[in-house]
Amino acid sequence: MKKIQIIVLLLGLVCFSAKGQHFTSHYSGYIIDIHEHIALSDAENHNFSAKQGNALKDVLANIKGHIVMAGIITMAQKGQLEQTRLRNDSVIRLSKIYNCLIPICSVHPMDGPDALAEMERVSKLGVKIIKLHPNYQRFDVGSPEVAEVAKKAGELKMVLLFDSYNPTDVDEDGKLLMLAVTHPDARFIFAHMGMVNFPQFISILGLKKYPWYKPNMWFDLSAIAPILGNSPFREQLMWTIRQIGTDHFLFGSDFPLFDPVSTVKSVYAMKFTPKEEKEIFYTNICQLLQIDPKSFLSKK
Ligand SMILES: [Zn+2]
C-alpha cells in the first residue's frame, strides 16, 4: 500500500471515532451501584427473581471488579411500623458491618406522622436515602401525604429514591416532576428514568429556563439501560439524557432483577464517552451522597 493511501485510511479511522463517537475504550475506574434489593430473611430470598437470590451473600458477591459499593434497599408496608423500623435497622446494621453497603431505608407515606418520625430517626443514624415505590407500596404520588414526605426530606437533606415507572398510573412521571419542582429543597432520584415514559422528563429543558428552578432531579439507569439502551429508542434516550445533563445520571442495576455486571455492559453499549461514563458510574453519586472514597477503600 502506498504511503498516501495509509495516511488517508488512518484519517478515516480518526474521523469515525470523533464523529460516530465509536469509543473502543470505556471508563475503567470505580463503579457504585445505587440500586440493589436485599432479602432480609430467608422467606423473601426469591421474592424478586426465581433464578437469582438476593440474600446478603448474593449482594456481597456483586462487589467485585470495578464495583466497589452498592446501595441496599428495603421497602416499607403501610401500617406495619414495627416491621418498618426493624427492616430499616437491618440495612443500617449491615452497612455498619460492611462499609461497601449504602443503607437505603423506607417509609410508607400513608403512615403520616409516623413515617415522618421514622425519617427523622434513620436520618440521625446516618441514612441519606429513603426508597419509595408507588406501585409496590400502592400510593398515589399526587397525594398530600407524599408531599409531606418530600417536605421532610428537604428539611433533613435526604434523597428520595422513587421508582418512576407505574403501568397503572400513566400520569405518575408528571406527578413526580411536580413533586420535585414544588419541593426544591428535597433531592430526588427517579429510578429507571420513567422507563417507556422517559420522554416525559424532556420537560426539564423547559423548567431549566425559569430562574426559580433548582436542578434537584437525578435518574438511575436501572432497567432502562438493559431494556432500551441498545434498542431503536437509543438515539432518543441518549439525546434526552444529554439534554438533561449527564451530571444527573447514576448507575443502578435493580439487582436481582438485573445483574450488575451485565448492566454495566448495557451502559457501555449506550455509547457514552468515557468522561460521561465516569460521571454516571462514579462521580455523580459521590457528589450527591458526599461519599468519601476512603469509606469503600477500607471495605470489609
Ligand atoms: Zn428496584
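Phe190 and Phe219 are both buried. The model they belong to is predicted.

**Aromatic pairs**

The structure holds 12 aromatic pairs. Phe190 and Phe219 form one of them, and this pair is edge-to-face. Phe190 sits in strand S6 (residues 187-191) and Phe219 in strand S7 (residues 217-220), so their pairing ties together parts 29 residues apart in sequence. Both residues also belong to an aromatic cluster, whose members include Phe162, Phe188, Phe201 and Phe249.

Tyr30 and Tyr282 make another pair, with planes at 55 degrees, so it counts as tilted. Tyr30 lies in the loop between helix H1 (3-19) and S1, while Tyr282 lies in helix H12 (residues 274-289), so this pair ties together parts 252 residues apart in sequence. Tyr30 is partly exposed, at 32% relative accessibility. Tyr282 is buried, at 13%.

| Pair | Centre to centre | Angle of planes | Class |
|---|---|---|---|
| Phe190 and Phe219 | 6.0 Å | 65 degrees | edge-to-face |
| Tyr30 and Tyr282 | 5.7 Å | 55 degrees | tilted |

**Zinc site**

The zinc ion is coordinated by His35 (NE2), His37 (NE2) and Asp254 (OD), at 2.1 to 2.2 Å. Along the chain, these donors follow the spacing H-x1-H-x216-D. His37 and Asp254 link distant parts of the chain, 217 residues apart. His37 is in strand S1 (residues 31-37). Asp254 is in the loop between strand S8 (249-250) and helix H11 (260-269).

Asp254 is buried, with a relative accessible area of 6%.

Notes
Residues numbered from 1 in each chain as written. Predicted model: local features only at pLDDT ≥ 70, side-chain atom pairs only at ≥ 80, totals over all residues. Heavy atoms only, no water. Donors = N, O, S within 2.8 Å, 3.2 Å for Na, K, Ca; no water. Helix = DSSP H or I, 4+ residues; strand = E, 2+ residues; numbered from the N terminus. Buried < 20%, exposed > 50% of the residue type's maximum accessible area, 1.4 Å probe, protein only. Phe/Tyr/Trp six-rings, centres within 6.5 Å; stacked < 30°, edge-to-face > 60°.
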